[in-house]
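Subject: Handing over the structure

Hi,

Here is the structure I promised to pass on.

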Amino acid sequence: MRIDHLALWTDDLARVRNFYVTYFDAVAGSGYRNPAKGFESVFLSFSDGARLELMRTTALSPVVIEPGAQRMGLTHFAMAVGSEARVDALTQRLKDDGYPVLDGPRRTGDGYYESVVLDPDGNRIEITV
């Protein structure tokens with residue numbers, strides 16, 4: 001078994017799609033729209049086959065949480081970039097472009113080399129080797 005995809009609610013598909021395409025080399029699909037249900041989504045694919053589904057709704061009211069909040073349930077996901085140098089470079093690029101860097105880059109107690117950043121909607125992303 002493997003995880004096929006994770007899904008994120010957003011109020012701005014284009015903004016979040018562009019973030020993952022620009023910084024994490026995602027490839028965006030053509031998107032899906034169902035006006036009758038007030039729903040639209042786009043799948044982002046990554047080179048190893050993992051996918052992220054970005055979703056927007058006008059029919060529901062997803063709970064808005066504080067950006068970067070630690071909460072029960074899914075609290076972050078990790079993106080492996082291949083080397084410590086790439087963790088450093090991407091973290092600096094995101095910081096320079098105004099995205100919050102919450103931690104790192106650093107080596108964790110369990111041996112990971114990582115940083116923690118927020119996407120445009122405040123979702124935590126660990127950038128790791």
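Before anything else, a word on naming: helices (H or I, at least four residues) and strands (E, at least two) are DSSP runs, numbered from the N terminus. Keep in mind that this is a predicted model, so local features need pLDDT of at least 70 and side-chain atom pairs count only at pLDDT 80 or more, while totals for chains, interfaces and linings use all residues. Residues are numbered from 1 along each chain as its sequence is written, and side-chain values use heavy atoms, with hydrogens and water left out.

**The overall picture**

The protein has two helices and nine strands. Going along the sequence, they come in the order β-α-β-β-β-β-β-α-β-β-β. The C-alpha atoms fill a box of roughly 50 × 35 × 30 Å, taken along the principal axes. For 129 residues, a compact globule would have a radius of gyration near 14 Å, and the protein has 15 Å, which agrees. That radius is taken over C-alpha atoms, and the globule rule is 2.2 Å times the number of residues to the power 0.38.

You'll meet "buried" and "exposed" a lot below: buried means under 20% relative accessible area, exposed over 50%, and partly exposed is in between (1.4 Å probe, protein chains only). Of the 129 residues, 34% count as buried. As for contacts (heavy atoms within 4.5 Å), residues 24 or more positions apart account for 52% of those with a separation of 6 or more.

**Helix α1**

This helix covers residues 13–24. Its 12 residues should span 16 Å at 1.5 Å a residue, and its end C-alpha atoms are 16 Å apart, which agrees. (The expected span is 1.5 Å times one less than the number of residues.) Which residues of α1 are buried? They are Leu13, Val16, Phe19, Tyr20, Tyr23 and Phe24. Seen down the axis of α1, these buried residues fall within an arc of 140°, so they line one face of the helix. The arc is that of the directions from the helix axis to the C-beta atoms.

Asp25 is exposed, with a relative accessible area of 53%.

**Helix α2**

α2 has 13 residues and reaches 18 Å from its first C-alpha to its last, close to the 18 Å expected at 1.5 Å a residue. Its buried residues are Val87, Leu90, Thr91 and Leu94. Down the axis of α2, they fall within an arc of 100°, so they too line one face. On the other side of α2, Ala85 and Asp96 are exposed. The buried residues pack against α1, β7, β8 and β9.

Thr91, in helix α2, has 4% relative accessibility and so counts as buried. Leaving aside neighbours within four places in sequence, Thr91 is in contact with Val101, Pro105, Ser115 and Ile127. Pro105 is in strand β7 (residues 101–107), and a cis peptide bond joins Gly104 to Pro105, with omega about 5°. Leu94 has 0% relative accessibility and counts as buried. With neighbours within four places left out again, Leu94 is in contact with Phe19, Tyr23, Tyr99, Val117 and Ile127.

Just after α2, Gly98 takes a positive phi of about 95°.

**The core**

A nonpolar core here is a set of buried Ala, Val, Leu, Ile, Met, Phe, Trp, Tyr and Cys residues joined through side-chain atoms within 4.5 Å. The largest one has 23 residues, and those with the most contacts inside it are Tyr20, Phe24, Phe46, Leu52, Leu54, Ile125 and Ile127. The elements giving two or more residues to this core are α1, β4 (39–45), β5 (51–57), β6 (76–80), α2 (84–96), β8 (113–118) and β9 (124–128). Which element gives the most? α1 does, with six residues.

**One for contrast**

Pro35 is in the loop between β3 (32–34) and β4. At 65% relative accessibility, Pro35 counts as exposed.

Cheers

Terms used: Expected span 1.5 Å × (residues − 1).
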